[in-house]
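Keep the sequence and the 3D view open as you read.

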Amino acid sequence: MTEITLPSPAKLNLFLHITGRRADGYHELQTLFQFLDYGDTLTFRLRDDGLISLQPELPGVPNGQNLIIRAAERLQAATGTSLGADITLDKQLPMGGGLGGGSSNAATTLLGLNHLWQTALTEERLAELGLALGADVPVFVRGRAALGEGVGEKLTPATPPEDWFVVLKPEVEISTADIFSNPGLTRNTPRITIAPAFEGDASGYRNDCEDVVKQLYPEVKSSLDWLSRFGPARLTGTGACIFGRFPSEAEARSVWAEKPTGITGFVARGVNRSPLHKKLTELT
Ligand SMILES: C[C@@](CO)(OP(=O)(O)O)[C@H](O)COP(=O)(O)OP(=O)(O)OC[C@H]1O[C@@H](n2ccc(N)nc2=O)[C@H](O)[C@@H]1O
Ligand SMILES: Nc1ncnc2c1ncn2[C@@H]1O[C@H](COP(=O)(O)OP(=O)(O)O)[C@@H](O)[C@H]1O
C-alpha cells in the first residue's frame with residue numbers, strides 16, 4: 001500500500017465539569033467525549049526519502065506548527081523509520097471551535113502513518129505520543145466514546161445514545177487558555193461517579209465553561225438561546241461551537257432549516273466508535 005485516505009472526525013464534549021486545578025495550573029476535568037460522523041479527511045502518500053510535506057497550509061498555522069506535521073515527526077523520532085509522506089488535508093471543521101479538529105488531525109496522522117509505514121506501535125504508545133501534542137489527542141487515538149478524567153487523558157469507555165446533533169459555529173474566536181484563566185470560572189464541581197456516564201444520558205450535566213463564554217461572547221449566548229428553544233443545547237469544549245441534541249435526523253434537519261441567516265454549522269450523528277477506526281478496520 002502506498003496511499004491511504006482516512007477520516008479525521010470531530011468530537012463533542014457532551015458535558016464538561018471542572019473538578020479542580022493541578023499544581024501546574026492545568027485544570028482537572030470530567031468530560032464525556034463522543035465522536036461525530038463528520039470531520040476532515042487526510043490523505044497520506046508514501047515517500048521513501050523521509051521528507052514530510054503538507055498541503056494546503058492552514059491560514060494562521062505555519063506548517064511547522066501544524067499538529068499533522070508535529071505528529072508525523074514524533075512518530076518518525078519514536079520509530080526511527082526512514083520513510084516520509086506527502087499529506088493532503090481537506091479541512092471541514094472550524095478551527096478553535098471546541099470540536100477538536102487539530103487533535104483529531106494529529107491522531108489520524110499517528111494511526112495513518114503507523115499503518116502506512118508499518119511501524120507497528122501499539123495504540124497505547126500512540127496515545128502517549130499524542131498526549132504530548134494535546135490533551136484531546138488520546139481519545140481520538142483510542143477511538144471510543146469515553147469519560148475523560150485528569151486533563152482528559154484518563155479514559156473510561158462509555159456508551160451515550162447515538163443521537164443527532166445540530167452544531168452551530170458563532171463567528172467568534174475563543175482561546176482555550178483565556179477561558180481557563182478566567183477568574184469567574186467554576187472550578188469546584190463535585191466529582192461524579194462513573195456509573196451515570198455509562199448510562200449515557202448527559203442531560204443532567206453541564207459545561208462549566210459555558211457561563212464565562214456566554215458573558216464574554218454575546219454571539220454564543222444568543223445562539224444558545226435560539227437553539228435551546230428546540231431542545232437541550234450546550235457548548236462543546238471551551239467553544240465557540242454549540243450543539244443541540246435530537247433523537248432523529250429528521251428533527252435535527254428541520255431545526256437546521258430554521259437557523260438564522262449568517263450562522264454556519266452542520267448536522268451530524270453522534271457515534272461511539274470513531275469513523276477513523278471503522279475505516280482502518282476495513283483496510284486490514
Ligand atoms: C477544553 C478541551 C476539552 O475537550 O477542549 P477544546 O475546547 O480545546 O476542544 C480540552 O481539554 C483542551 O485541551 P487542549 O486543546 O489540548 O488544550 P491545550 O492546548 O493543551 O491548552 C491550552 C491552555 O489551556 C489551559 N488548560 C488546558 C486544558 C486543561 N485541562 N486545563 C487548562 O488549564 C492551559 O493554560 C493551556 O496552556
Ligand atoms: N491541523 C490542525 N487543524 C486545526 N488547528 C490546528 C492544526 N494544527 C494546529 N492547529 C492549531 O490548533 C488550534 C486549535 O484547533 P482545534 O483543535 O481545531 O480547536 P479546538 O481545540 O478548539 O477544538 C487552532 O486554532 C490552530 O492554531
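Val166 stands opposite Val267 in strand β10, and Val166 also stands opposite Gly244 in strand β9. What you see is a predicted model, where local features need pLDDT of at least 70, side-chain atom pairs count only at pLDDT 80 or more, and totals for chains, interfaces and linings use all residues. Residues are numbered from 1 along each chain as its sequence is written, while chains are lettered from A and ligands numbered from 1 in the order in which they are written.

Helices (H or I, at least four residues) and strands (E, at least two) are DSSP runs, numbered from the N terminus. Two strands pair if DSSP finds at least two bridges between them. Here are the two partners of this kind for β7:

| Partner of β7 | Residues | Sense | Bridges |
|---|---|---|---|
| strand β9 | residues 242-246 | antiparallel | 5 bridges |
| strand β10 | residues 264-271 | antiparallel | 6 bridges |

Next comes helix α2, residues 101-116. Its 16 residues reach 22 Å from first C-alpha to last, close to the expected 22 Å; that expected span is 1.5 Å times one less than the number of residues. In α2, 14 of the 16 residues are buried, so this helix too is largely enclosed by the rest of the structure. Just after α2, Gln118 takes a positive phi of about 55 degrees.

Helix α2 also gives the largest share of the shell around ligand 2, with 4 residues. In total 16 residues surround ligand 2, and the closest are Leu67, Gly96, Gly101, Gly102 and Asn105. A residue counts as near a molecule if its C-beta atom, placed from the backbone, lies within 6 Å of it.

Around ligand 1 there are 19 residues, and the closest are His27, Gly134, Ala135, Phe180 and Gly237. β1 (3-21), β2 (27-47) and α5 (176-180) each supply at least two residues of that shell.

Methods: Buried ≥ 20, exposed ≤ 12 C-beta atoms within 10 Å, placed from the backbone.
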